[in-house]
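Colleague: Thanks for sitting down with me over this one. Could you walk me through it, piece by piece?

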Amino acid sequence: MRVLAIPGSLRNDSYNAKLLYNSAELFQEDVVLDLWGGLKDVPPYDEDDDGVNAPAAVAELRDVIARADAVLIATPEYNSSIPGQLKNALDWVSRPIATNPMRNKPVAVIGASTSAFGGVWAQAELRKVLASLGARVLEVELAVPHAHERFDERGRLTDGDFVEQLTAVADSIVLAVAERVARLEVTA
C-alpha cells in the first residue's frame, strides 16, 4: 500500500513536514509513505497551460497522486485558511473534474500550527476543497497547537496524546484503503 504525504508548507523546517515524518513510523510494515516535496515547483494555475502539455511539476503531482492508494495532507494555517500554494496545486489536480486523480481516493487531513488551535480552520477549509474534487475525505482529525513546543531537536513529536492521535489517523487510512479495495473487488 502506498500513501502519498503532502506537506502544505514550503518552509524548510516545517512543523507539518515533521508531522508527516513522524507518521511514517506509525503505519503498518506493508505501507510505504512517500513524502512529496514538489509543492514549491507548481506554477500558478492557468487553464491555458493545462491539458496534455501541463507543466512538468503538475504532471508529476498528478502522477504521484494517481499511483497512491491514499493521500495524507498536513496543512499549516495562513490567515485562517490553507496556504495559497497548496490550494493552487489542488486547483491543478482538480482538472478534469470527472477523472482527476483525487476522485474517490481516501484522503486524511492533519495539521500543526503555532497558534492555540492547531490550524483547525485550515483543516476545515482543506476538507471542503478536497470534497469538491471528489476525494473521499476521512472523518479523522489531528490539530497540533503550539507546534513550536511539540517537537524535539530531531523533529520527533514529543506529546504522547498527539502520537496516539496520529496513530489513529494512520490506522484510519489503512482501513479506508482496505474498504476501497474490497468494494472494487466486489464490483469487478
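Modeller: Happy to, and keep in mind that this is a predicted model.

Colleague: Let's start with the largest pocket: which helix gives the most to its lining?

Modeller: The pocket holds about 200 Å³ of space. Among its 15 lining residues, Pro7, Ser9, Leu10, Arg11 and Ala17 are the closest to the centre. With 3 residues, the element that gives the most to the lining is helix α1 (residues 15-24).

Colleague: How many residues of that lining are nonpolar?

Modeller: The lining of the largest pocket includes 4 charged residues and 4 polar ones. The nonpolar residues in this lining number 7.

Colleague: Is serine 94 buried or exposed?

Modeller: Serine 94 sits in the loop between α3 (84-93) and β4 (106-112). The relative accessible area of serine 94 is 11%. Buried means under 20%, so serine 94 counts as buried.

Colleague: Which backbone oxygen does the side chain of serine 94 reach?

Modeller: Beyond four places away in sequence, serine 94 touches Asn100 and Leu133. Its side chain also reaches a backbone oxygen at 2.7 Å, that of aspartate 91.

Conventions:
Residues numbered from 1 in each chain as written. Predicted model: local features only at pLDDT ≥ 70, side-chain atom pairs only at ≥ 80, totals over all residues. Heavy atoms only, no water. Helix = DSSP H or I, 4+ residues; strand = E, 2+ residues; numbered from the N terminus. Buried < 20%, exposed > 50% of the residue type's maximum accessible area, 1.4 Å probe, protein only. Contact = heavy atoms within 4.5 Å. Polar contact = N/O pair within 3.5 Å; in protein donor to acceptor, adjacent residues only side chain to side chain. 1 Å grid on protein atoms, 1.4 Å probe; cavity = no way out; pocket = protein on both sides within 12 Å on 5 of 7 lines; lining within 4 Å. Points joined across faces, edges and corners; volume = space filled by probe spheres on them. Nonpolar A, V, L, I, M, F, W, Y, C, P; charged D, E, K, R; others polar.
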